[in-house]
Amino acid sequence: MQQTPTSVRSGLRRSRWAALIALFAVVSLAAPALAVTGMMGNDASDRRSTENWPSATIIDRHHPAPFDGYFTRVDLYVMAAGSLNVVVVDAFDTVTWISDPITTTGPGAVTLQLLEPVGVTAGSNLGVYADGASILATGSGTVNAMFENAYSGLPTVGEPLTYYTTGRPRMLSIGAEITATSKDICKKGGWEGYGYKNQGQCIASVVANKNSGH
């Protein structure tokens, strides 16, 4: 029976290992790390207080969207039964999105899971419109929340909000996790802050999530 020389067999083994390593490298590049995410708004926790401002929109400014991106769920903490809508405004306080009414039975945590992702731009903020008063949990904050006049009614998308006061230091119990869609956040060393090994890996992750159907 014909034998394969040892040197030839060793060469074949090395070739196979080289091929496997190359394949692993390709798969690793094709499957980027976790999405680049950031917080918009606050954690949805019991803040022991509510706002008695009825039928008006209140916008929280503690944690604006850190970059262009999208979200697919909103978390709230409510203190009472009622109806409210989640509102998103851009950095210029123009309404960019309003949810369908959410009926609450309160008190407790509420999650709004969206069928379609909602896009936001850097600097956008979350808020609520409540039909009645004292529904969403609020508490003292370090940044002024902005209030429309009582009984001003539900705003419309594209409408710039007109605020009744210069605001009060309030923190609303509403928040959303934003997934980045702009490669720019990975540049100028930005990739390091998101735990990536290099800029290319960060950009690959952003592009993959942007092209995933969201």
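On a 1 Å grid over the protein atoms alone, a cavity is a set of points where a 1.4 Å probe fits but cannot get out. The structure, a predicted model, holds one cavity of 30 Å³ or more. In this model, local features need pLDDT of at least 70 and side-chain atom pairs count only at pLDDT 80 or more, while totals for chains, interfaces and linings use all residues. Residues are numbered from 1 along each chain as its sequence is written, and side-chain values use heavy atoms, with hydrogens and water left out.

**Cavity**
- The largest cavity contains about 90 Å³ of space, a volume being the space filled by probe spheres set on grid points that are joined across faces, edges and corners.
- Its lining comprises 13 residues, and those nearest the centre are Glu51, Ile58, Val128, Ala130 and Leu136; a lining residue has an atom within 4 Å of a point.
- At least two lining residues each come from strand 3 (56–59) and strand 9 (125–130), where strands are DSSP runs (E, at least two residues) numbered from the N terminus.
- Nine nonpolar, three polar and one charged residues make up this lining (Ala, Val, Leu, Ile, Met, Phe, Trp, Tyr, Cys and Pro count as nonpolar, Asp, Glu, Lys and Arg as charged, and the others, Gly among them, as polar).

- About 150 Å³ of space lies in the largest pocket, a pocket being an open set with protein on both sides within 12 Å along at least five of seven lines.
- Phe71, Thr72, Arg73, Ala176 and Glu177 are the closest to its centre among the 13 lining residues.
- Strand 4 and strand 12 (174–180) are the elements that give two or more residues to this lining, and strand 4 provides the largest share, five residues.
- By class, the lining of the largest pocket has five nonpolar, four polar and four charged residues.

- Four strands form an open sheet in the order 1-12-4-8 with antiparallel pairing; two strands pair if DSSP finds at least two bridges between them.
- Strand 1 (37–41) and strand 8 (108–120) are at the edges with a single partner strand each, so one side of each lacks a neighbour in the sheet.
- Strand 4 (residues 69–78) is joined to strand 8 by nine bridges, and Arg73 has Gln113 in strand 8 as its bridge partner.

**Disulfide**
- One disulfide is found in the whole structure (cysteine sulfur atoms within 2.5 Å), joining Cys186 to Cys202 with an S to S distance of 2.0 Å.
- The torsion about this S-S bond is about -70°, so the disulfide is left-handed.
- Both Cys186 and Cys202 are buried (under 20% relative accessible area, 1.4 Å probe, protein chains only).

Terms used
Buried < 20%, exposed > 50% of the residue type's maximum accessible area, 1.4 Å probe, protein only.
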